[in-house]
Amino acid sequence: MNYKELHLIDHMDELRKRLIISAVAFILFLVLGLIFAKNIYNFFMGNLGYKLMVLGPSDIIWIFFHLATVIAVAGTIPVLAWQIWLFVKPALKPFERKAALSYIPALFLLFIVGLMFGYFFIFPNIMTFLLKMGDGLMIPSFTAEKYVGFLIDMTLPFGIAFEMPLILMFLTTLGILNPYKIVKLRKYAYFILVIIASMISPPEIMSHLSVAVPLILLFEISILLSKIVYKKKQKRMALLNTEDLE
């Protein structure tokens with residue numbers, strides 16, 4: 001076995017270690033979410049003023065598990081970013097290490113901000129619009145499963161979408177991503193975002209637009225910030241190369 005093969009094996013072992021740590025973190029946060037599932041449920045349902053019904057005992061497990069999964073995703077994001085940073089750290093220059101490390105806390109905060117945006121803006125507006133469509137025609141009566149499922153569909157995608165700017169900046173800093181190449185794929189990205197919006201929102205045009213437009217704006221902001229990071233990195237690399245030549 002030659003040196004390159006040994007080096008590759010070492011990298012694969014290191015990657016496996018980082019993935020295992022991230023998976024363990026997800027499981028631990030999932031368990032933590034299940035422990036506090038009732039508190040989380042009460043927080044989100046506190047404004048309803050009435051209790052939702054369930055059609056079977058398994059619905060309760062489904063609800064608690066899905067709420068716990070959101071908590072697990074939120075908690076695992078900084079852990080996963082930290083593990084990625086540790087994996088690529090040896091290949092980074094000192095300024096790249098510092099810049100990439102600074103993104104990790106912000107990844108968690110932006111995920112929470114995205115959830116809040118979905119919960120306080122997207123979810124109530126779409127819910128109000130849909131209820132008005134049936135006003136006078138039908139009496140709304142929601143099961144807990146349907147209500148929580150709709151709530152998660154309207155909030156979790158925005159928690160993930162709000163990560164987009166920092167993820168692109170993070171990957172650009174690591175040298176994995178070139179924003180100018182992503183720009184060439186803009187039309188495909190728009191198409192995918194519109195498809196995602198249509199999948200997670202109710203089947204009518206206003207709901208599609210209320211979800212698709214924020215996602216597209218986030219994509220454009222992500223590209224802009226990534227370009228700024230890329231240009232700064234190129235200038236820094238050029239300066240370092242000049243100093244090395246001298």
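1. The lining of the largest pocket in this predicted model is made up of 16 nonpolar residues, two polar residues and no charged ones. Tyr counts as nonpolar in this scheme, and Gly counts as polar.

2. The volume of this largest pocket is about 370 Å³. Its lining has 18 residues, and those nearest the centre are Phe43, Phe44, Val70, Ile71 and Leu115. A reader who wants to find the pocket in the structure can start from these five names.

3. Which elements give two or more residues to the lining of the largest pocket? They are the helices α2 (37-45), α3 (57-88), α4 (94-133) and α5 (144-161). The largest share comes from α4, which supplies six residues.

4. The second largest pocket has a volume of about 320 Å³. It is lined by 14 residues, with Tyr41, Asn42, Met45, Lys51 and Leu52 closest to the centre.

5. For the second largest pocket, the elements giving two or more lining residues are α2 and α3. Of the elements, α2 gives the most, with four residues.

6. The lining of the largest pocket, by contrast, has no charged residues.

Notes: Residues numbered from 1 in each chain as written. Predicted model: local features only at pLDDT ≥ 70, side-chain atom pairs only at ≥ 80, totals over all residues. Heavy atoms only, no water. 1 Å grid on protein atoms, 1.4 Å probe; cavity = no way out; pocket = protein on both sides within 12 Å on 5 of 7 lines; lining within 4 Å. Points joined across faces, edges and corners; volume = space filled by probe spheres on them.
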